[in-house]
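Please open the structure in a viewer and keep the selection tool at hand.

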Amino acid sequence: MQKTFQIKGLDRARIYPLGVSLEEEGLRISAVCNGRGEEGIILYDRKHREGRRIPFQENCRIGSVCAMMLTGYRDKSCSYLFYRGEEVYQDPYCKRVDNAYGYGAPKPTPPRCKAVGEPYEWGSDGNIHIPYEEMILYALHVRGYTKHRSSGVKRKGTYAGLTEKIPYLQELGINMVLLMPAYEFDEVMPENNTAQTMEQAVLSYTQKLPSPGEEEEKKQRINYWGYQPGLYYVPKSAYAYSRDAVGEYRDMVRAFHRAGIGVAMQFYFPPEMRSVEILDILKYWVLEYHIDGFHLMSASLDMALIAGEPLLAETMLLTSEGNAHWGAAKTRNLGWLSDGFLYNMRRFLKGDDNMINQFLFHVRENKEELGIVNSIARWDGLRLMDLVSYDRKHNEENGEDNKDGVDYNCSWNCGIEGKSRKKGIQELRLRQMKNAMTILLMSQGTPLIYGGDEFANTQGGNNNPYCQDNETAWIKWNQTGMGRELLDYTKFMIGMRRAHRILHSRTLLRGIDTLSCGFPDISFHGREAWRPDTSPASRCVGIMYCGFYAMEGERERECFFYIAVNMHWQVDYLGLPKLPKGKLWTYSASTGKEMPEIEENASSQEICVPARTIVLCTTKDVPVETEKTGRKKAKKNKGG
């Protein structure tokens, strides 16, 4: 048992990193101080279970950092908090937190920080580098993904429960998961909304007990999403099934890596936070947790500084902030997630005027120096199923009189607001969701799917369930027939994209014949081949990819892809380009139930595309004689 220790200042060379750790010499403490009143550390150990206050020594202060060593201290079970006068708060640089509270439980005192942890055996595991063009990105909420009773996992709502879903993600074709905030934050929202300083927001839990009857009078509100400041070096303890959140999180990452799936995380940083601090946090997660990517959310980000860090050269660095400071990255680690694709493609799907040019732009948008990440539905808005079921948001359960969330979602309810048993409405909604998945997965940018959208999960029209830790926001795994059909279709389209390089090119498709093969890499078509209709009233277009521009030896046999898109409410026709000798057009998939027809004229072919339908055609290789015979038979049958 610990008997005594001595306090001495640290050498300047040992001040960093900030935090508390148990070393061979004793307990090393390095903390940021503001110099206002008495400050120090409260140690909880076997000898002082109620805590012992040890003030920071003036001779241990360098600038605003207090750095000292408790020589001879050996208690590995110790935990600690910092204090400033009467205020007690957590160490913002701590690496572990005592998992003493369940999710949503009030915290009359802040969870204690842990000074030391057992070393983790990673074995041969390392970070996974997945280029943007190869990535199928899948966003999810750690708790909500498996919390519902239909999830089929034993350890619901936890890192361990998420690990149980790896076989499903493999079957779906996912190779990178994006976790909504999973660093340590207090999910219980404060009752008042008064402005706080950065220091208060990140560090402070005041040690104040609720007044008698206060808990009965006020219902605790939950910040389910977690987009707020927190302890950025620690995995969220309430998402762990065991008491060891750090070890369970690492187990999860290692299991995903063994399955060939990368792990990325979302981080929210307040505007005041410096980019150098953010950089330290990201490097820690890459080194200590083998994280493969980040989605950074902040009002001010120096992405040039962050992307220039050599350690992050192969780490996905994604942002959607319009005022981020960009620079020329040495490697293609920067990524951009904008609202342009999301809103324009939604408007195109529901048949708005003057959207054909925006559609064609987003289909081929790609940059050599920057990853373009596309989404049609994600965490902050309507689910894919709700986009085709509601014209208006339905956020009444959030307790804000339906005033929160985006008012205009570019959605269309297909004729009836909310649930419907009408077969025609259900079929149209399924077709529209398939159309959305096809557009997302056949566009050149990196596709981002929000967990559950692949089988028509719904939030009942709530487009802002930030405070809904319940069935509204949880993923419901008991799919309907519609959900199962959408899931099978999504698997097929992901497999198609991953199997053919031309559908996810590393570089921008230029629309010209740079190979002198008779075909450009990408081309657009209208009622006549090679002549697209881009007028304001147009809602129908054909897109052809030429696989010659992505062939690797003889591996890619189906060299051409033709995507016939008709978002009009009536049947339309598109011209099919003439293929090289030895190749014939053949159907691969359709978002509708109708079997479209390929009609052959004397000099060209055209396809009849049903209303609000996308048809995918590929090519097959045939002997030249067979090809000629097939064409003659088609002409004879048409004439007869």
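The structure holds 38 salt bridges, a salt bridge being a side-chain nitrogen of Lys or Arg within 4 Å of a carboxyl oxygen of Asp or Glu. This is a predicted model, in which local features need pLDDT of at least 70 and side-chain atom pairs count only at pLDDT 80 or more, while totals for chains, interfaces and linings use all residues. Residues are numbered from 1 along each chain as its sequence is written, and side-chain values use heavy atoms, with hydrogens and water left out.

Select Lys107 and Asp186 to begin. Their closest N and O atoms are 3.2 Å apart, forming a salt bridge. Lys107 lies in the loop between strands S9 (87-89) and S10 (113-114), and Asp186 in the loop between strand S13 (183-184) and helix H4 (198-203), so this pair ties together parts 79 residues apart in sequence. Helices (H or I, at least four residues) and strands (E, at least two) are DSSP runs, numbered from the N terminus. Lys107 is buried, at 17% relative accessible area; buried means under 20%, exposed over 50%, and partly exposed in between (1.4 Å probe, protein chains only).

Next, select Arg250 and Glu288, a salt bridge with its closest N and O atoms 3.3 Å apart. Arg250 belongs to helix H6 (residues 245-258) and Glu288 to helix H7 (residues 275-289), so the pair ties together parts 38 residues apart in sequence. Arg250 is buried at 8%, whereas Glu288 is partly exposed at 32%.

Finally, select helix H12 (residues 423-442). Of its 20 residues, 15 are buried, so H12 is largely enclosed by the rest of the structure.
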